[in-house]
Each structure stands twice: as C-alpha cells, then as structure tokens.
Amino acid sequence: PEERAIFIVNHHLLQATREFFSARGFIEVVTPRILATATEGGASLFTVDYFGSKAFLAQSPQLYKEQLTGSFERVFEIGVFFRAEESNTTYHLNEFLSLDVEAAFADAEEVMELLEEYLAYVFSELNRRCSKELKALNRPSLPKLSPPFPRVSYDEALKVLMARGVEVKWGEDFSTPALRALGEEFQGPFFIVDWPTHLKPFYIKPRDDNPSRSHSFDLMYGWLELASGGQRVHDKQQLVERLKQQGLNPDNFKHHLRCYDYGMPPHSGWGLGLARLLMIITGKQNIREVVLYPRDRWRLTP
C-alpha cells in the first residue's frame, strides 16, 4: 500500500542520512529536549512543569550543537523538536523531526556545499534502495540533483518578485505567496542567501563588508523551505552585542557564553525538516501524510 511505502522510504532516508555524515567524519549527538530557560528565541515554546519548576521544550539543538563543535568539530543530530506556533498549514507541525548539522572551521558556503551533496546523495540512494516503493507512490525515479544549486541573493529575489507583481518591502520576510512566485521562477532546489541580518537569529554572523546583510541561507525546493543555516558568531563580545540588538538578555545565555571564554572555533551549520524533505521525495502535498502520528494544534491523539 502507498502508506506503507512512504514509511519504508523514510526508513531508508534516515539510514542514508547517518551513512552520509558518518562517512564525512561527523559525530552523531543527542541533546536535551527539556530546557531550563527560554533562551532560543524565535518561535513560541511549550512550557512544562518540571518537578514544580517551569521548563520548556526545545525548538532546536542550536546552542548545544554550536558548543559541541569545540570538542568534536563536526556533529549532527536527528531528533524531534517542538514549536508552539499556531500554524494551520499543510507544511507545519508542532512536533517535528529535524536534521541538524554543525561544522567547525567551515563558512556558510562550505556547509551549503555539504547540504547540496547530502541531497544529491539521498536522492540517488533512494532511487537505488526504494525503487519498488517509489513506483507504488507514482514516483518512478527521483530527479538526479547536480550541485551547485543556484544562489539567489535576498535582493535578487526582491527584483524577481517585483517583476512578477508581488510586493515585498526590503527587510521583510517572504510570505507564502512570495515563495510560491519564487518557486515558479526557480525550479527544483535553490538557495536564498545574504538575508537581512535583523531577520535572522542572534547567532548568525553579519557580513563584515555590509553588516546589514548576514552570512545566512535558506534552501528552497520550489516554494517549500527545506533548510535554514549560515555562519555563526564565534566572538563572545559580538555575540553579546547581537543578543542585545534582538532584545535578549545576555544573562539568560550565561552557560552558552561561558564556552566562548575558552575559545570557540569559527563554525557554520544548518537545520533541515526531514518530513518536508519526505514530502518532496514522495510527492505528497500535506506533511501529515508523511508522519506516522502527526501533532498539530488540533491533534493530540492517537
């Protein structure tokens, strides 16, 4: 049956993922899901009662994986994370499986190249390992991906949108209609790079030549965002300044900042939504079809 085929493909996707990163010297790590302070910023966090104290479910392993580059240099994690967003779309869940990667002594371009290689590898491997399942899903074969993928700057994307009659002011994030318009312009996978610094989290490094832009990227596949990443701030004082710029209290990050006292290597990384990738691979239009027990704002059972 089609449903069975989806999750057999998912099994091989996870296997191929671990093989790819292990072969390149990455160490698989597991980081906490229960946090003492809401320090990650961004999307809303779920709160939990932790033996009478207030705690939070993790949105990502971001700070932990950055810290671990100081010991292991190259790390990856496949894990479930949580976002208390009140989204009601075909591509959001509140509990989701993420692939997170971080590499010391790498810049944004180098981890973009790693991401390209990873996608090309898993598409090729799934064609080889899952021909029967892909046929059952009316996907006789996945396309052969050939890096490098196009790099489209944020400013270039604005020009494309303007030409297509989609209005986005500089410094605004792209709405779903804007992303759909870009997906029509750039078929298949492509990167949007050089985002405005204020749109990205505090740990993303601003460009030295133009601090209003950042060493950041989103990987799109058509209109769907699969991954986001960039080069991180590795200087403690700059990180403190970035926290203050975004209205965050550095005291809440004291355990993270302590690592920088011992010297943090330059590092870059990204996070990728594995269920969204599985949507692309299987041709499904709703993320709930590729998750065994999806959790969204309306669903807590079975």
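**Sheets, helices and cores of the predicted model**

Lys205 is buried (under 20% relative accessible area, where over 50% is exposed and anything in between is partly exposed, using a 1.4 Å probe and protein chains only), with a relative accessible area of 11%. The structure is a predicted model, in which local features need pLDDT of at least 70 and side-chain atom pairs count only at pLDDT 80 or more, while totals for chains, interfaces and linings use all residues. Residues are numbered from 1 along each chain as its sequence is written, and side-chain values use heavy atoms, with hydrogens and water left out.

Lys205 sits in the loop between strand 8 (189–193) and strand 9 (216–221); here helices (H or I, at least four residues) and strands (E, at least two) are DSSP runs, numbered from the N terminus. Not counting residues up to four places away in sequence, Lys205 is in contact (heavy atoms within 4.5 Å) with Ser214, His215, Gln231, Arg232, Val233 and Gln238.

One of the residues involved is Tyr221, whose bridge partner in strand 10 is Leu224. Strand 10 (residues 224–231) also holds Glu225, which is partly exposed at a relative accessible area of 29%. Beyond its neighbours within four places in sequence, Glu225 contacts Asp218, Leu219, Met220 and Arg276. Glu225 and Leu277 are 52 residues apart in sequence, and their C-alpha atoms are 9.3 Å apart in space.

An open sheet of 3 strands has the order 2-4-3, and its pairing is antiparallel. Strand 2 (34–35) and strand 3 are at the edges with a single partner strand each, so one side of each has no neighbour in the sheet. Strand 2 pairs with strand 4 in the antiparallel sense over 2 bridges, and Leu35 has Phe56 of strand 4 as its bridge partner. Strand 3 (residues 47–50) and strand 4 (residues 53–57) are antiparallel and joined by 4 bridges, with Asp49 opposite Lys54 in strand 4. These two strands, strand 3 and strand 4, form a hairpin with 2 residues between them, and Phe51 in the turn has a positive phi of about 55°.

Next come the helices. Two packed helices are described by the angle between their axes and the distance between the axes. The axes of helix 7 (residues 236–245) and helix 8 (residues 254–261) come within 9 Å and cross at roughly 155°. Such axes are lines fitted to C-alpha atoms, for helices over the stretch in contact, and angles run from 0 to 180 degrees between N-to-C directions. Helix 7 and helix 8 are therefore roughly antiparallel to each other, a label for angles over 145 degrees, with under 35 counting as roughly parallel, 65 to 115 as roughly perpendicular and the rest as oblique. Lys236, Leu239, Val240 and Leu243 of helix 7 meet His256, Leu257, Tyr260 and Asp261 of helix 8 in this contact.

In helix 6 (residues 176–185), the buried residues are Ala178, Leu179, Ala181, Leu182 and Gly183, and the buried residues of helix 6 pack against helix 5 (154–163), strand 8 and strand 9. Helix 9 (residues 274–282) is mostly covered, with 9 of its 9 residues buried. After helix 9 comes Gly283, with a positive phi near 80°. Gly283 is also one of the contacts of Arg139, along with Leu134, Ile280, Ile281 and Thr282, when neighbours within four places in sequence are set aside. Arg139 itself lies in the loop between helix 4 (131–136) and strand 7 (151–153) and is partly exposed, with a relative accessible area of 25%.

Finally, the largest nonpolar core has 53 residues, and those with the most contacts inside it are Phe21, Leu99, Tyr118, Trp270 and Leu277. A nonpolar core is a set of buried Ala, Val, Leu, Ile, Met, Phe, Trp, Tyr and Cys residues joined through side-chain atoms within 4.5 Å. Apart from it lies another core of 17 residues, including Val168, Leu179, Leu182 and Phe190.

How values were computed:
Pairing = 2+ DSSP bridges.
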